[in-house]
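Look at the sequence and the structure below.

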Amino acid sequence: MLKIQADRTPAPQWVCVVGGWSEFQFKERRMPTLAEINAVAPDTPVFVLHLYDRALLNRAALRAVGITKDTPDFTGGRIERDANGNPTGMLIAEPNALILYATLAKRPKLPMSDQINSTRHFMCELNRLGVTSCIDAGGGYQNYPEDYEVIEKLREDGQMTVRIAYNLFTQNKSGELADFKKWVGMVKPYSGDQYLRHNGAGEMLVFSAADFEDFLQPRPDMAANMEKELGEVVRFLVENRWPFRLHATYDETIGRALDVFETINRDTPFGDIRWFFDHAETVSEKNLERIQRLNGGVAVQHRMAFQGEYFVDRYGKLAAEHSPPIRKMLVMGIPVGGGTDATRVASYNPWVSLYWLVTGKTVGGLPLYGDANRLEREEALRLWTLGNAYKSNEEKVKGALMPGRYADFAVLSHDFMTVPEEAIKDITAVMTVVGGKIVYADAEFKSHDMPLPPVSPDWSPVRHFGGYQQANASSASVIASASMALGCRHDHVHGHDGKLSYWLGLRGQQGQQKRPSFNHPWAIGCGCFAY
């Protein structure tokens, strides 16, 4: 694929692979080598991001970004060099990922017309996977408001097919408070409309509190000034009643952050502010109790599906069995949402995340969790629907099909509730509806599909390869042979196990199956919608 795209890409554009893959998904169970990449792309710059661990740059990419023998290392990052001191093309986060996304930010930008086109096609790709809404947690080198011009234009023109709640992510190390002071004067929490609305601060609040998630590296200790800097920003946010989220992978970071939050709460109460930690793979029960007392929540993403092997190698299988401890969070009643952390680390495909929640396996097939930390399918779906709607303060208008809520739903290609576990990853939508309008249609509904302009530029990889790549052709046959029918036309009397069946109205009190009442607020049938 790299060779095909390198041959199609004109100078000075790059070929980029930005996350969403694991070396363990390949038959060879390894990453491509720099020699292989240089062989297939000798002249076109190629940038391949692997998690937030490293980036592989061919020789043409090194020339494009100006990395030479004399280029100093980034703070918290390293340029790998050969015996003569020349850069090999490997950029390594140790453990700060700044070196990775700062280098990625140097690629040439497309003209505005192509940015608008590609954004429309990406939203359509999300619709194809059944997604009707997302929460954008910001990202490195995404500056507000200049880098939001494209999405604002699409909103103004009525061309959005995915509802977006966006958080503002500070970009200025040591100047984080200044960023938030500027933004508080520009935008109010939850302002916007049904398709594009502000969702608060984060997930970066201050650089000194960012512990990253590179399990190939030892756990980093946060800077001594973390509490001071984080305290200044969070106090300002609470005073201005801004919701916020904070990236935190490790329990040690979470504990120190909670010390700050509890101190602020004593004189400036959090009250009903929506706040939560992102990721929280190693959070302890003690710190979950502290989160609960402050009415906080947790957003979990399937990063372990892409780097669970590295976690087990470093911390052991026992530690991995409850990383993150989702079952414990749910038992405690902590608000939990499920997501992807796309697009730089994990895939944007929601079904890969749902597969991980249900099976406890990595994309490479390694079982991480026992029964105690795997979710039933209804539970996983709940995290992805009402659980996420709570994270954007929209649980009264999203997350369930009932009167008064948005008419957002997807008809799925196959039944999530009964399809074999390994086939969950290959589910797509055959029709997706947002606001009562069909925004994507395929198969028997193809005639209702919403036309888009051709992909531009004409050398775009989307024009050649399409969207998310299915694992293999045999997966489709597994789904087809096991599914009861296309979409939701079958009788909703298949087996649903576990206590959530009672919540969803899918099981009688004595265990007998019954047809659910479609007046029930959770009457989702086969779960054929996605948030």
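Helices (H or I, at least four residues) and strands (E, at least two) are DSSP runs, numbered from the N terminus. The model is a predicted one, in which local features need pLDDT of at least 70 and side-chain atom pairs count only at pLDDT 80 or more, while totals for chains, interfaces and linings use all residues. Residues are numbered from 1 along each chain as its sequence is written, and side-chain values use heavy atoms, with hydrogens and water left out.

Start with the sheet. Strands of a sheet pair through backbone hydrogen bonds, either parallel or antiparallel. Here, two strands count as paired if DSSP finds at least two bridges between them. Five strands form an open sheet with mixed pairing, in the order E1-E2-E3-E5-E4. At its edges stand strand E1 (15–18) and strand E4 (77–81); each has a single partner strand, so one side of each is left without a neighbour in the sheet. On average, neighbouring strands of this sheet are turned by 15 degrees against each other, direction ignored; the axes are lines fitted to C-alpha atoms, for helices over the stretch in contact, and angles run from 0 to 180 degrees between N-to-C directions. E4 and strand E5 (residues 87–93) run antiparallel and are joined by four bridges. Gly77 stands opposite Ala93 in E5.

Next comes helix H7 (176–184). Which residues of H7 are buried? They are Glu176, Asp179, Phe180 and Trp183, where buried means under 20% relative accessible area, exposed over 50%, and partly exposed in between (1.4 Å probe, protein chains only). Seen down the axis of H7, the buried residues fall within an arc of 90 degrees, so they line one face of the helix. The arc is that of the directions from the helix axis to the C-beta atoms. Strand E7 (163–168), E8 and H8 are among the elements that cover these buried residues, contact being heavy atoms within 4.5 Å.

Last, the backbone. Most residues other than glycine have a negative phi, and most peptide bonds are trans. Tyr190, in the loop between H7 and E8, is not a glycine, yet has a positive phi of about 65 degrees. Tyr190 is partly exposed, at 23% relative accessibility. Asn393 is also not a glycine and has a positive phi of about 55 degrees; Asn393 lies in the loop between helix H16 (386–391) and strand E13 (409–412). A cis peptide bond joins Ser323 and Pro324, with omega about -5 degrees.
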